[in-house]
Amino acid sequence: MRKKIAGLVCICAVFLVLGMAYLIFHGDIWQKNKNTETFESLRSELGQESETTAQEELTASNIGEISIDKIVPKEGTAVYEHWTDFCKDFDLPYANQKMVDLLREEYGKISFQGTFEQGDPECYDEYKVYFLKLVNNEIPFTDMETGERRYLKEIQDLEDLEQFRDESLPAADRKLYYFFDADGDGAPELGVRNPYHHATQYIFRYDREKEECFLWHAMEGSWYSLLGSRKVAWPWDGKYLSYEQLDAEGKVELSTFIITNRYNDDVSLYVVMLPEYREEDKKIEITDLMREQGIYERGGDRWFFRVTKEQAEEMMSPYWDAYDRAEEQMEKVKFSYEELFEEGNVNK
């Protein structure tokens, strides 16, 4: 009897081992297939072109840890690496009226209109003394972003400002300097531009306590324009309309962007970006409606939505009104070297 039981135990053990081996083997195949299917689905959803990159994000150890933010789009969502990749895609789907109403509401909350604040006039002379030294390369400035100390002439766009003091030049070309309260702290800042490098501008702050000049904000590139204190526009060629609201330290706290591209009388593209806020408590929640209808820019982690020409123009109207008003106001704070710094205008 014991021999029979022992024999049965041995037989059961053999079957048990074979069964476990079967399950392990086929289970491994199933898991591999599962991972492969999930990977292919993820790559399809995200528009991944690099199989290696996607595989790295989807290892067996992290397959259950991928956040919803990684799988951002839903079915039908267009996904691109950068907005320049879709700015000529005239087949993008339109957002529905509910989404357009939401965009209209969010853009309606933004005040594009700016004011070139004057600050306290009693400190003008003191600040002009230090800004004059900065302009004449007698003292360096400190880059607030990097901590690097440089002279104005070391900025390529500003290396030879003296050439613009020539009175034979047009008056507009000699007005390189803005003098107003750019950061809203009650004291004036100095803006410097190169008229031959279209709209490239740098704004410098003087710290009275440290007796030191700082680069507060740099607008390096074409088409930049000031809408007032802490407000910057980038209306590139009238087609790509960017807006940035700055904080007291010159960092971006809010941005908007509207893309327009006209192919011909019948075909055009108008795309509006969901406003981006830096502060977490001000950020706009990404809803299912947005995920279903949006155009996702993976590189910038931003959402865009296609609208009609009329809808875009309605949202762009306050932007252009602010731009036109700023162009007039700016003339009051724009100066030539002689107007701002020469004897009689500054007490050295």
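Two strands pair if DSSP finds at least two bridges between them, and strands (E, at least two residues), like helices (H or I, at least four residues), are DSSP runs numbered from the N terminus. The structure is a predicted model, in which local features need pLDDT of at least 70 and side-chain atom pairs count only at pLDDT 80 or more, while totals for chains, interfaces and linings use all residues. Residues are numbered from 1 along each chain as its sequence is written, and side-chain values use heavy atoms, with hydrogens and water left out.

Strand β12 (residues 268-273) takes part in pairings with β11 and β15. In β15 (residues 302-307), which runs antiparallel to β12 and is joined to it by 4 bridges, Phe305 is the bridge partner of Val272. Strand β11 (residues 252-262) also pairs with β12 in the antiparallel sense, over 5 bridges, and Ile259 stands opposite Val271 of β12; these two strands, β11 and β12, form a hairpin with 5 residues between them. Of the 6 residues of β12, 5 are buried, where buried means under 20% relative accessible area, exposed over 50%, and partly exposed in between (1.4 Å probe, protein chains only).
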